[in-house]
Amino acid sequence: MLKLLRQSPLSARIGMGIVILNILVALFAPLIAPYGETSVVGDVWESSSAKFYLGTDHIGRDLFTRMVYGARNTIALALLTTALSFFAGALLGLIAAVKGAWTDQLISRAIDIIMAFPTLIFALMILSVIGSSIPNLIFTIALVDLTRVYRLSRAVAMDIEVMEFVEAARLRGEGLWWLIRHEILPNALPPLIAEFGLRFCFVFLFIASLSFLGLGLQPPLADWGGMVRENSGAITFGIFIPLIPAAAIALLTVGINLIVDWFLHLSSGLHE
Amino acid sequence: MKNVLMLIFKRTGASLITVFIISLIIFIGVEALPGDVAETVLGQGATPETVEAFRKELKLDLPPHVRYVAWLNDFVHGEFGNSLANGRPVAGLIGWRFGNTLFLAMSTAVIAIPLAIILGMLAALYRNTFFDKLISTTTLTFISFPEFFIAYILISLLSVKFNIFPSLAVIDPEMGLGSRIYAIILPSLTLTFVVTAHMMRQTRAAIINVLASAYIEMAEIKGMKRLRIIILHAFPNSLSPVINVVAVNMAYLIVGVVLVEVVFVYPGLGQLLVDSVAKRDLPVVQASGLVFSVVYISLNLFADILSMLSNPKLRQSQI
Amino acid sequence: MNNLLEIKNLYLEAFYEEKWQPIVHDISLELKRGEVLGLIGESGAGKSTIGLAAMGYARQGCRIASGSINLDGVEMFEASEQELRKVRGSKISYVAQSAAASFNPAHRVIKQYAEAPVQHGLMNSAKAEKEAIELYRRLFLPSPEKIGYRYPHELSGGQLQRAMVAMAMSCKPDIIVFDEPTTALDVTTQIEVLAAVKEITEKMNKAALYITHDLAVVAQVAHRIMVLRNGRLVEVNETRELIKNPKEKYTRELLNVRSLRENKKIHDKMDVILDIKDVAATYTGDKNVVEDIDLTVRKGRTVALVGESGSGKSTVAKIITGLLPANNGSIKFLGKELPRKLKDRKKDDLRRMQMIYQMPDTALNPKQTVRKVIGRPLEFYFGIKGKEAEDKIRQLLVDIELDPDHYIGRLTTELSGGEKQRICIARALAAEPELIICDEVTSALDQLVAEGILDLLQDLQNKTDMSYLFITHDLATVKAIADKIVIMLQGKIVEQGEKKEILTPPHHEYTDKLLASVPEMDPDWLDNLLEQRASTFI
């Protein structure tokens, strides 16, 4: 493991640095932030100073504090949602591949129907009916996202499933769970791990976009997408504040993509 | 030719069934609400009379299957009900905005698709050179950026700092083509960055895949010139996979257009959808959601058919 | 200068594990006009790479490190792209191993024939197409005037291979490099292609490099044979001389492959292990893919189920194991009727019937250790774990001739093909079965490695009275190890009986054809066969 890290290219290291920084900020938010998440402490859109490192937002809250709490809220929500969708999607995919026949058909058709909707449109429609509470958000986004995880895990599992060592285990009389856990899963892990990274990016961007549209995390919770929306008016005054949370979103996503790219490069090499 | 026609026929049939099913889902989605639709939407403070009127408006007093057929029937005839927000017919609202969204999407696609394909081809041909690495890094960055980030950067640069383009894409029905194009340059540019980046990466991968084929090696062993190999051997076999790539990325176009319309306050269907969702204006949400989905499904169908037609392995010589 | 092709001190390298490493060491060879040189060796011998290097070509990840490649006076090593392009296709051409992959799916076969001569400026396309049709005729392709106008996916494997041979002739090159042209084909189709090759090399006086792993095949067409191993020269000599008086031990081993083993008799009093009667099955529900299958395996004996691709032999194995439920007939195992579906069968019945597969790479889970692979059947069937299991696993490793200390903790991916196949055998043995179904277990292995596996299987049978159902297309193997032979064609059994019976005439027509198609080590074998065929046609 350490040998791998030592051999990693510059791009992967930059990615890892970005991700680690974000995780640290998210974890230790209350210790890092100088003010309260929702406290109004200054004038509207003040420029950066010693008192307010990044200035203030459209109501007068410290932008730095909001950014720190925003990291925590957005990342935590994204992580939870990704974990849920990943677990559900991967499990369904593995089951569909191993059981085959009717089970596969049924699940795949249901997934196809969900995928027939463009992602954002689907989420918007659901949220318009059930509202944007946090559980509803998690449910909706996870539902949309698990379809992609399903497709990938099913494809990977089917590739492995046709190999004779799986047939050998079947002929032995091994049951469904043994096949999944001991034969298929260990071989499916590399592509699945890479996919987790990509899915997190997607979910993260998705939450940010929904918040930007006003349908994600509701105020006064700090959330990077929402912060872009709240402060968008500043642009016309030549104050480029909304770029800061937007840039933070972009930075984290780039970081993860760099790591995933490196991981994919590694795992394809190992196959030769 | 016959077996290709059969495939196309089956594929179209499948699409129609899908459209039918999603319309059902959209309909049920509203019906299956826990509690009462009327009360949920109108809120706690609604009077019994308003609730009753609302019910009548949405025909909630009729049994579900009757309602569904009526709704579908109306939809097909272009009758989408009335908006809850302002009582106006939904069809009228959607019509013009749908046209605007199409305009924005088309102008993006017209630039993004050829650009992505050419860049992807070049990156594949000059694989692992500085050019390739540069493009790969650039596109990786762009696919990581949310559309609104790119939008605001462009606005900050080209609108606020250097007053070249308008930050709000204001168009009205009387505008000429020239002014329309001027108004949508920034939103279109934003979308182009994102869509091109996604498409280019996948095109590159598809073409590299084709270039690794045994028949390409055979052509080299026969002593054929590089240009000939690319045009006559690689290209015909790349059509199908590249069309697939374009099709898959149309999804990014459809999703992106919604976000971009909101940033630039562009009067399109995406902005209408977002507004209606915020206002819980369900008839509008249903109708615009359905329109978007049907367009998405049709795009996929079209791409699948093109892909089938351009797949050499489906050809028959009839000799 | 006499030599058409002269290679001196050739070194080839491949890029793996992050650096360039040598794969071919100091190879020199000469080829005169009209001469056929056979390059023979197992996988990893470097013969394909040498064949490509003869035209100055190296695949992605390979390079020509140093040496001289002189083709009719033109030096190919470090020649310019232009010079190489001029020579390729026109003076020297290549017949690849897989015809299906080497033809562009987007263009008609005959257009791909015409491409080289037209682009090299030798003739116009009309003339090229006329010549193509003539060649297709000479190479015994059906409907020669029409077949070229089809797309590659409309031709069969054997037809495409011959079309590729014709394409290699299109510029009338001085040398043709044949790279394992018949390896992927059935024995009976192989004959046609070999005849085509002989037609070209002898009647048209072309020089050729014939690359293969099968010594019997190369003996039919080559004047001289070069034996290669791990990128180095072992021995080179005139064909007849090499076969009669091999100088190196390795050559001798290659020549002795598939020599006859002991003959065992079968009599009715022996226990019947497996008895299937009137079995049929289908994949799609309407047409039966195999029908009227009757066969019996007795204790301690090997029944070989022989057939070419599409004969249904693998399907019979699937039916016996229950993966494909029969829709007719009965399957009796150890006297008991077995349920048709796998999931209805009892664990103990499953235990007594084990299977070994063709591809060792995909037959073992790459993420498991040898210990886990062999240990699982012990745990699953007998509940044996811990120290007892460890001891048993070690014993099994000894039985399959692998050192337990060295192998027990290794991951299966770290092993060679032959080692993996042995582990597969150990996995089967761990269940203490009565019957082992061997599905093409030696087809994917190098000849000498396969020998080792067959020897091992024979030893095990002698020691434990194990019964085998041996599925294969390779008649040479069948002749060596089978006690009883069952021959299948297109889903039905055409003939079955004890080995001696089957191998002596009179035969069923197909058996005849099949037996005749197995190349023998005699250089005149092909000529004799073709003469025989010609005379029967008149």
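# Close-ups of a three-chain predicted model

**View 1. Chain A is built from helices.** Chain A has eleven helices and zero strands. This is a predicted model, so everything in these views is computed from it. Follow chain A along its sequence and the pattern reads α-α-α-α-α-α-α-α-α-α-α. Its C-alpha atoms fill a box of roughly 75 × 50 × 30 Å along the principal axes. Of the 272 residues in chain A, 49% are buried. Take the contacts in chain A between residues at least 6 apart in sequence: 67% of them join residues at least 24 apart.

**View 2. A cis peptide bond sits between two prolines of chain A.** The bond joins Pro219(A) and Pro220(A), and its omega is about 10 degrees. To find the spot, look for the loop between H9 and helix H10 (224-230) of chain A, where Pro220(A) has its place.

**View 3. Here chain A meets chain B.** On this interface, 36 residues of chain A are in contact with 38 residues of chain B. Three elements of chain A each give two or more residues to the side that touches chain B: helix H6 (119-130), helix H9 (176-212) and helix H11 (243-271). Sorted by class, that side of chain A holds 27 nonpolar residues, eight polar ones and one charged.

**View 4. Helix H6 of chain B has the span you'd expect.** This helix covers residues 130-144 of chain B. Which residues of H6(B) are buried? They are Ile135(B), Thr139(B), Phe142(B), Ile143(B) and Ser144(B).

**View 5. Val265 of chain B has a positive phi.** Val265(B) is not a glycine, yet its phi is positive, at about 50 degrees. You'll find Val265(B) in the loop between helix H10 (226-263) and helix H11 (269-278) of chain B.

**View 6. An open sheet in chain C has four strands.** Read across the sheet, the order is E2-E1-E4-E5 (chain C), with antiparallel pairing. Strand E2 (19-32) and strand E5 (74-75) of chain C stand at the edges; each has a single partner strand, so one side of each is left without a neighbour in the sheet. Zoom in on strand E4 (residues 62-71) of chain C and you'll see two bridges joining it to E5(C), with the strands running antiparallel. Across from Asn70(C) stands Glu75(C) in E5(C).

**View 7. Strand E7 of chain C has parallel partners.** Strand E7 covers residues 175-179 of chain C, and four of its five residues are buried, so the rest of the structure largely encloses it. Four bridges join strand E6 (residues 92-95) of chain C to E7(C), and the two run parallel. Five bridges join E7(C) to strand E8 (residues 207-212) of chain C, again in parallel. Ile176(C) is a handy landmark: Ser93(C) stands opposite Ile176(C), and in E8(C) the bridge partner of Ile176(C) is Ala208(C). To get from E7(C) to E8(C), the chain goes through helix H8 (residues 187-203) of chain C, and this β-α-β crossover is right-handed.

**View 8. Chain C is divided into two domains.** Domain 1 covers 3-256 of chain C, and domain 2 covers 272-516. Their centres, taken over C-alpha atoms, are 36 Å apart. Eight residues from domain 1 and nine residues from domain 2 of chain C take part in the contact. H8 and helix H11 (249-255) of chain C each supply at least two residues of the domain 1 side. By class, that domain 1 side has two nonpolar, three polar and three charged residues.

**View 9. Leu334 of chain C has a positive phi.** Leu334(C) is a residue other than glycine, and its phi is near 55 degrees. The loop to look for runs between strand E14 (328-333) and strand E15 (336-337) of chain C. Leu334(C) has 16 C-beta neighbours inside 10 Å, so it counts as partly exposed.

Conventions
Residues are numbered from 1 along each chain as its sequence is written. Chains are lettered from A and ligands numbered from 1 in the order in which they are written. This is a predicted model: local features need pLDDT of at least 70, side-chain atom pairs count only at pLDDT 80 or more; totals for chains, interfaces and linings use all residues. Two strands pair if DSSP finds at least two bridges between them. The expected span of a helix is 1.5 Å times one less than its number of residues. A residue is buried if 20 or more other C-beta atoms lie within 10 Å of its own, exposed if 12 or fewer, and partly exposed in between; C-beta atoms are placed from the backbone. A crossover is right-handed if, with the strands pointing away from the viewer, the path from the first strand over the helix to the second runs clockwise. Two residues are in contact if their C-beta atoms, placed from the backbone, lie within 7 Å. Ala, Val, Leu, Ile, Met, Phe, Trp, Tyr, Cys and Pro count as nonpolar, Asp, Glu, Lys and Arg as charged, and the others, Gly among them, as polar. Domain bounds come from an automatic or database domain assignment.
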